[in-house]
Amino acid sequence: MEIKDKILREDMEEIAQDALLGDALSNSTVFITGATGLLGSQAVWALRCMNRSKGSGIRIVAMARSEDKVRNIFGDLSAADDMTVYYGDINEPIRYTGEVDYIIHGASATSSKYFVSHPVETIQTALDGTRNILEFAKNKRVKSMVYLSSLEVYGTPHADQIMLGETDYGYLDPMQARSSYSEGKRMAECLCAAYAAEHKVPVKAARLSQTFGAGVDYHDGRVFAEFARCVVEGKDIILHTAGNTVRSYCYTKDAVRAIFYILLRGENQEAYNVTNMDTAVSIKEMAEMACAMDPKQTIRVKVEIPEDVSVFGYNPEMVIRLDASKLQKLGWKPTVGLTEMFRRMIESSFGGAGMVSHRSK
């Protein structure tokens, strides 16, 4: 199956032309968990593009739970000679019997509402799932593994922290159910470090900022997708907070390249921030930027704060700007800015025509 989405295809083909990646991964086997997720699926596509364009001979093992999702994303794989699917639950021991050289571990809960409604399952997936893949990595004696972590490990930064490096940590309240994701990511990173120290598993962590772009599902519940839907549908953007939280972001293609760079060039038992440092904006500023992309200039930003905002699973208000200098020393750099991220996401995943066009109500 070819990539039907023109924007996504351009992104994956660009990754495939990176000389470091295709050469370093040539004739190896890459095992990817969370392979139907946003970044997991694009890692699969990028590797397949390397095979097609450069004859890299990479064998891909995509771990997934849902046959329907695999079929929807990758189509009929009966004729695929470079990709196999291992169906399983990351919370169970992995019983794949073939050889594996590299692992990208991306299986994780991703919805803020889920973190609040299912905090036990969120923690379980973070810890049990990561332990299972680390045991698998140890037994397979892999060359390298990268764990996909999150900016949320930093918690709420101190007010005087302008940029956050990999050793800067803020406050997390462990007695809040919403902390299940943040604390789970922290403990999973510690588990990775423990396996690296005790069992010599060559594992690294990629601390991803919020990442979006081509390939984001239209019904994704995260803020950037909600704003894009409003633009496409011609609806006002409703904020349930004052929108003062500031974050930096990363484009999907850039994040996938970063994951490969960390996998191949990163130091074992080290974490790397993955972000475009030029994209830091507040939620309200992002909403206003999205409104400006409405070709009819009819939508507005409105603030409507409910009595109980906790049901949405939002983090506390904070300013969190990640410093990606450590990652850039590996040879990686971002290529897509914030406005272009939105434009490519809308044209790719949200039915944008030209720029955008309001869908019929």
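A cavity, as the word is used here, is a set of grid points where a 1.4 Å probe fits but cannot get out. With that in mind, let us walk through this structure, which is a predicted model. By this rule, the model holds 1 cavity of 30 Å³ or more.

Helix 7 has the largest share, with 4 residues. By class, the lining of the largest cavity is made of 3 nonpolar, 4 polar and 1 charged residues.

Since helix 6 and helix 7 have now come up together, let us see how they meet. Two packed helices are described by the angle between their axes and the distance between the axes. For helix 6 and helix 7, the angle is about 15° and the axes lie 9 Å apart. The two are therefore roughly parallel to each other, and their crossing is right-handed. On the helix 6 side, the contact is made by P119, T122, I123, A126, L127, T130, R131, L134, E135 and K138. Facing them from helix 7 are S180, Y181, G184, M187, A188, L191, C192, Y195 and H199. This contact counts 11 nonpolar, 5 polar and 3 charged residues.

Helix 7 leads us on to another place in the model, the second largest pocket, where helix 7 and strand 6 (203–208) each supply at least two lining residues. This pocket has a volume of about 190 Å³. Its lining comprises 15 residues, and those nearest its centre are E189, R207, Q269, E270 and A271. Sorted by class, the lining of the second largest pocket has 7 nonpolar, 2 polar and 6 charged residues.

Next, turn to helix 1 (residues 6–16) and helix 3 (residues 38–54). At what angle do these two cross? The axes of helix 1 and helix 3 cross at roughly 65° and come within 8 Å. The crossing is right-handed. From helix 1, the residues L8, M12, E13, I15 and A16 take part. They meet Q42, W45, A46, C49, M50, R52, S53 and K54 in helix 3. Taken by class, this contact has 8 nonpolar, 2 polar and 3 charged residues.

Our last stop is the pair formed by helix 8 (residues 223–233) and helix 10 (residues 283–292). Their axes come within 9 Å and cross at roughly 25°. Angles under 35 degrees count as roughly parallel, so helix 8 is roughly parallel to helix 10. Here too the crossing is right-handed. V223, F224, F227 and V231 of helix 8 make the contact with I283, M286, A287 and A290 of helix 10. Which classes of residue are found in this contact? The contact of helix 8 with helix 10 has 8 nonpolar residues, no polar and no charged.

Terms used:
Residues numbered from 1 in each chain as written. Predicted model: local features only at pLDDT ≥ 70, side-chain atom pairs only at ≥ 80, totals over all residues. Heavy atoms only, no water. 1 Å grid on protein atoms, 1.4 Å probe; cavity = no way out; pocket = protein on both sides within 12 Å on 5 of 7 lines; lining within 4 Å. Points joined across faces, edges and corners; volume = space filled by probe spheres on them. Nonpolar A, V, L, I, M, F, W, Y, C, P; charged D, E, K, R; others polar. Axes fitted to C-alpha atoms, helices over the stretch in contact; angles between N-to-C directions. Parallel < 35°, antiparallel > 145°, perpendicular 65-115°, else oblique. Left-handed = near helix turned anticlockwise from the far one by under 90°. Contact = heavy atoms within 4.5 Å.
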